[in-house]
Amino acid sequence: MKMKKFTIQLLAVACAMVMFADKARAQATVQLSSHETILLNYGEKDSVKATISPLGETLKWESKGLTLDGTVNKSTADSTWGVFKAPSSGKSEGWIIVSYGSAKDSVHVKINAAPTDVSLGAKHSDTIGIGNTLTLAATVTPADALQEVLYTSSNNSVAEVQTSGLKGIVTAKAVGTARITVSAGKGANMKTDTFLVTVNNPITSLNFAIAQDTIPMQINSEMEIEAVATPDDADNISSLGWSIAQILPHPSGIVTMVSNSGAKAKIQSGATPGLARLTVVSTNGKTASRIIQVLDPIHVTGMALDKDTIYLSVRAQDTITAHIQPANALNKKVTWASTNPSFASVEMLTDTTAVVTGKTVGMAMIVGETTDGGLKDTCYIYVQSPLALTDAKLEKHKTRIELDKTDTLKVIFTPANATNKKVTWTSDDPTIATVDSVGVVKALKSGITHIRMVTDEGAFKDSCEVTAYKSDANIEAQSGVNIWGTESGLRVQSDKPRTLAIYTLNGALYRRETFSGDRVISLPSGLYVVTLGEVSQKVLIP
């Protein structure tokens with residue numbers, strides 16, 4: 001009886017143990033590391049991790065509704081990782097399922113199709129200016145292929161491109177061309193399209209050299225107008241277009257175009273006052289305009305000749321100029337006449353100037369008369385027998401001129417009313433000082449030279465010593481004394497015996513002597529204090 005009772009107890013314990021084991025197995029759990037949809041492109045590999053508890057059950061991976069390259073495999077390094085790969089083409093959508101004992105978990109997986117085409121549209125080229133941008137938009141087909149692209153430029157120094165979704169933002173950097181490439185997909189399934197970008201340097205703004213909005217113009221006159229383009233090296237300046245438009249109620253033809261080329265145009269007004277609009281336009285649409293106002297005629301109100309009396313010898317000539325008031329009078333033309341052409345003739349040079357020629361000894365009156373208004377003025381011409389020149393001397397024979405300044409040498413003629421007063425001027429050293437045809441001397445570099453004069457008649461000669469000096473006090477002079485430094489050494493001039501003393505900058509006597517004349521003393525480079533008579537000066541020897 002006792003044995004039977006013990007057996008029953010063992011059976012109860014065994015049943016309890018089985019029930020406990022079943023209960024433990026029912027409590028097995030598995031959870032994937034992510035439940036967000038996994039997006040895969042064709043040929044890509046991915047993995048997902050399962051967290052399990054407790055240990056001891058079998059972990060199983062599988063897929064449902066997915067077309068994979070193979071199956072879902074356990075990672076060789078860690079079986080709690082499920083590894084799977086999308087096929088090289090095609091699309092599918094389904095689940096990755098993990099089982100652990102009776103526990104399961106899953107994650108949604110979507111595999112995108114390979115792109116069959118990527119296109120930038122029908123237009124495949126464009127031109128943009130430096131600093132401007134151009135937006136390209138790509139279309140990837142089929143629609144269920146991954147909608148991702150990459151833009152690249154063949155020449156980033158000409159045009160850069162930034163990828164923004166399916167768009168490419170092109171920025172023009174420098175004149176030239178660059179090919180923009182858009183690509184979708186990868187490997188053997190990569191698709192591309194291209195777009196040629198030409199970068200130019202176009203006009204960004206237009207204006208006129210004349211600032212005022214309304215440009216005045218006389219009737220029956222011509223005017224040259226200039227446009228100002230920004231930037232000034234724009235590559236379409238030469239192709240600017242010009243036009244003139246009527247401004248009602250003024251009639252057409254107030255102003256007409258004579259010619260135009262690039263930034264310049266020549267216009268002509270008619271005989272009728274009024275308004276017209278002048279416009280300039282660039283090939284990229286930049287414009288500027290001005291109103292042209294053709295004014296009522298401005299008449300001459302006054303005229304005076306620049307000379308009252310002229311003395312001429314036979315065959316000699318002189319000019320007369322008529323000064324017109326106001327200066328902007330429309331018709332400034334002057335006609336000329338001589339009261340006695342056998343003594344003095346007159347010939348027009350320009351609208352306001354004439355040349356008079358002595359014919360024979362005698363007197364004539366030249367009359368100038370304006371075409372507009374008939375205003376007159378006169379000049380008396382005395383034609384004399386030639387008076388020979390007997391002597392010619394310069395007014396001065398020494399002069400000092402500061403560098404880049406000028407002085408005018410004058411000639412004293414004997415007699416003062418000699419007929420031929422023509423002279424020729426020369427410089428012994430044009431690098432120190434030059435002289436022009438009327439005796440104007442210009443100092444160019446420190447030093448001394450002579451300007452020489454010779455008359456056309458009689459070959460009378462004279463000269464003037466010119467000292468060219470800097471104003472920086474490296475040269476000092478008083479009457480009869482010159483001191484300055486040269487590349488050859490110290491140059492001193494004295495018109496009479498004077499004590500010359502040369503000191504170093506620290507006060508040591510370098511040299512002392514009595515000196516007169518013109519001399520160059522060789523000295524080592526440096527700064528010295530030089531005294532010559534009453535003159536004391538610091539001198540730099542290069």
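**Sheets, aromatic pairs and polar contacts in the predicted model**

An open sheet is built from four strands in the order β26-β28-β31-β30, with antiparallel pairing. Strands here are DSSP runs of E with at least two residues, numbered from the N terminus, and two strands pair if DSSP finds at least two bridges between them. The edge strands of this sheet, each pairing on one side only, are β26 (302–305) and β30 (344–348). On average, neighbouring strands of the sheet are turned by 25° against each other, direction ignored; the axes are lines fitted to C-alpha atoms, with angles that run from 0 to 180 degrees between N-to-C directions. Five bridges connect β30 with strand β31 (residues 353–358) in the antiparallel sense, and Val 346 has Val 356 in β31 as its bridge partner.

The structure is a predicted model, in which local features need pLDDT of at least 70 and side-chain atom pairs count only at pLDDT 80 or more, whereas totals for chains, interfaces and linings use all residues. Residues are numbered from 1 along each chain as its sequence is written, and side-chain values use heavy atoms, with hydrogens and water left out.

Strand β15 (residues 167–172) runs antiparallel to β14 and is joined to β14 by six bridges. Opposite Ser 164 stands Lys 167 in β15.

Aromatic pairs were assigned to rings of Phe, Tyr and Trp (its six-membered ring) with centres within 6.5 Å; planes under 30 degrees apart count as stacked, over 60 as edge-to-face and the rest as tilted. The count by this rule is three aromatic pairs. Tyr 311 and Tyr 382 form a stacked pair, at 5.4 Å centre to centre and with 20° between the planes. This pair links distant parts of the chain, as Tyr 311 belongs to strand β27 (residues 309–313) and Tyr 382 to strand β33 (residues 376–384), 71 residues apart. Tyr 311 is exposed, at a relative accessible area of 57%, and Tyr 382 is partly exposed, at 32%. For these classes, buried means under 20% relative accessible area, exposed over 50% and partly exposed in between (1.4 Å probe, protein chains only).

The pair of Tyr 510 and Tyr 528 is edge-to-face, with 5.9 Å centre to centre and 70° between the planes. Tyr 510 lies in strand β46 (residues 509–521) and Tyr 528 in strand β47 (residues 526–532), so the pair ties together parts that are 18 residues apart in sequence. Tyr 510 is partly exposed, with a relative accessible area of 40%, whereas Tyr 528 is buried, with 6%.

A charge also sits over a ring (NZ of Lys or CZ of Arg within 6 Å of the ring centre and within 35 degrees of the ring normal). The charged end of Arg 400 is placed over the ring of Tyr 469, 4.1 Å from its centre.

Asn 420 is located in the loop between β37 (411–414) and β38 (423–427). A polar atom of the Asn 420 side chain lies 3.1 Å from the backbone nitrogen of Lys 422. The side chains of Asn 420 and Asp 456 are joined by a polar contact of 3.1 Å. A polar contact is a pair of N or O atoms within 3.5 Å; within protein, one must be able to donate a hydrogen and the other to accept it, and residues adjacent in sequence count only if both atoms are side-chain atoms. Leaving aside neighbours within four places in sequence, Asn 420 is in contact (heavy atoms within 4.5 Å) with Leu 389, Asp 456 and Glu 457.
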